[in-house]
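Visitor: I'd like to learn how to read a few features of a protein model. Could you take me through one?
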Amino acid sequence: MFTRYATAALALCAGASAAPLADLAKRQGQNIDVTVLQFALTLEHLENVFYRQAVNKFDEHDFEKAGFSKDYYNNLKYIAYDEQQHVQLLSNALSAAGVTPVQECTYNFPYEDVRGFVTLSSVLEGVGTSAYLGGAPLITSDQYLTTAGSILAVEALHTSYQRNALNKVPFANPLYTSLDPTSVFSIAAMFIDQCPSDNPSLPFTAYPALTVKGDTCNCEQDSCKDHHYKKREPGLLGDGGLLGDGGLLGEDGLVDELLGHNDDLMQCTPPMAGATVSFKAATSDQASLPADPYLTFVSGLSVTSVKAQVDGSTVSAAIPDIAMGQTYVFVSSSDVEGSLDNSQVVFGPAVLEVAPPKPALNYR
């Protein structure tokens, strides 16, 4: 299903090249700011519709039945309002620059209930924050950079709030993770069904998909010891958990629902550094696994590759020490340290939640 969504989105961007924005900046000069703003608006449209649909679908009582408080529901409406305002702000900035802003598309968000929505929200907000951080160095206008930084700060607050609601550590990494535009586009494209034909094209091509295999969960607080998860309804995203941990999607496309304590149910603890994790590469689509593949983990401002074990289309490796919180995982063609270049990416990114270690405080 990821491939179907990504293909549909890419068809709407006919003629777009896979050139990195850094190269595009050299050719376009100041016009790179317009490209960055259009891409930011594309993401804000997605988030705006995501929250609008949820607020229209679920009421306060639905959230209370799912275990979320009245305060949570009230703050959720503030988040929805923020996204609405971000769309307006970016649209106005583009119009003032004499550019027609991209319009919202039609989307398909894979959730059926309140908890599925909140889980997906925590992941999308994290991706959005990573996108603004990754795009900031490309902006040449001080005014636009200030605007983008202001939005980034609010998106980070959204991310922490939604993570906390799911008993994830709200700020699981001392440094937030930066993600390049092509990788962000690869994730966003899976939710897009169709865009207006007159929307300006974006200079990205999505990478072939990489999905997390196995059971998923997201509870990281000490109180999680008394809670477990069980499987619910099948078939949200086929046989892959693109969004990885975070309780959304396991290998069989099932959503996990938090229940009371039951020793017969799967305990909901995300993997930590050192644990072996497996991913499924979409080898039947656009690419094949390299002869000597690596799994490259991007977390915080660190990039580390681990030699991968391969079994068919399954790629496995141990999580490196640098990974904590919402981590992006790629299959790369070589050992990467410090910076991941587009030419090295073969599949990805998968989104994996990695439980952080206990804080080791030392005030001496």
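Visitor: Is C195 buried or exposed?

Guide: Buried means under 20% relative accessible area, exposed over 50%, and partly exposed in between, using a 1.4 Å probe and protein chains only. C195 has 15% relative accessibility, so C195 counts as buried. C105 also counts as buried, at 8%. Across the chain of 364 residues, 52% count as buried. Keep in mind that this is a predicted model, where local features need pLDDT of at least 70 and side-chain atom pairs count only at pLDDT 80 or more, while totals for chains, interfaces and linings use all residues. Residues are numbered from 1 along each chain as its sequence is written, and side-chain values use heavy atoms, with hydrogens and water left out.

Visitor: Which residues form a disulfide, and how far apart are their sulfur atoms?

Guide: A disulfide here is a pair of cysteine sulfur atoms within 2.5 Å. C105 and C195 form one, with their sulfur atoms 1.9 Å apart. The pair links distant parts of the chain, 90 residues apart: C105 is in the loop between helix 5 (70-96) and strand 1 (106-107), and C195 is in the loop between strand 2 (192-194) and strand 3 (210-212). The torsion about the S-S bond of C105 and C195 is about 95 degrees, so the disulfide is right-handed. A search of the whole structure finds one disulfide.

Visitor: How many helices and strands does the chain have?

Guide: Helices (H or I, at least four residues) and strands (E, at least two) are DSSP runs, numbered from the N terminus. The chain has eight helices and 13 strands.

Visitor: At what angle do helix 3 and helix 8 pack?

Guide: Two packed helices are described by the angle between their axes and the distance between the axes. Axes are lines fitted to C-alpha atoms, for helices over the stretch in contact, and angles run from 0 to 180 degrees between N-to-C directions. Helix 3 (residues 32-57) and helix 8 (residues 181-188) pack at about 25 degrees, with their axes 12 Å apart. That makes helix 3 roughly parallel to helix 8; angles under 35 degrees count as roughly parallel, over 145 as roughly antiparallel, 65 to 115 as roughly perpendicular and the rest as oblique.

Visitor: Which residues of helix 3 and helix 8 meet?

Guide: Contact means heavy atoms within 4.5 Å. F39, L43 and L46 in helix 3 meet P181, V184, F185 and A188 in helix 8. By class, this contact has seven nonpolar, no polar and no charged residues. Ala, Val, Leu, Ile, Met, Phe, Trp, Tyr, Cys and Pro count as nonpolar, Asp, Glu, Lys and Arg as charged, and the others, Gly among them, as polar.

Visitor: At roughly what angle do the axes of helix 5 and helix 7 cross?

Guide: They cross at roughly 160 degrees, and the axes of helix 5 and helix 7 (residues 142-165) come within 11 Å. That makes helix 5 roughly antiparallel to helix 7. The contact includes D71, Y72 and H86 of helix 5 and Y144, E155 and H158 of helix 7. By class, the contact of helix 5 with helix 7 has eleven nonpolar, five polar and four charged residues.

Visitor: What about the backbone: which peptide bond is cis?

Guide: Most residues other than glycine have a negative phi, and most peptide bonds are trans. Here the bond from G348 to P349 is cis, with omega near -5 degrees, and P349 lies in strand 13 (residues 345-354). N167, in the loop between helix 7 and helix 8, has a positive phi near 65 degrees.
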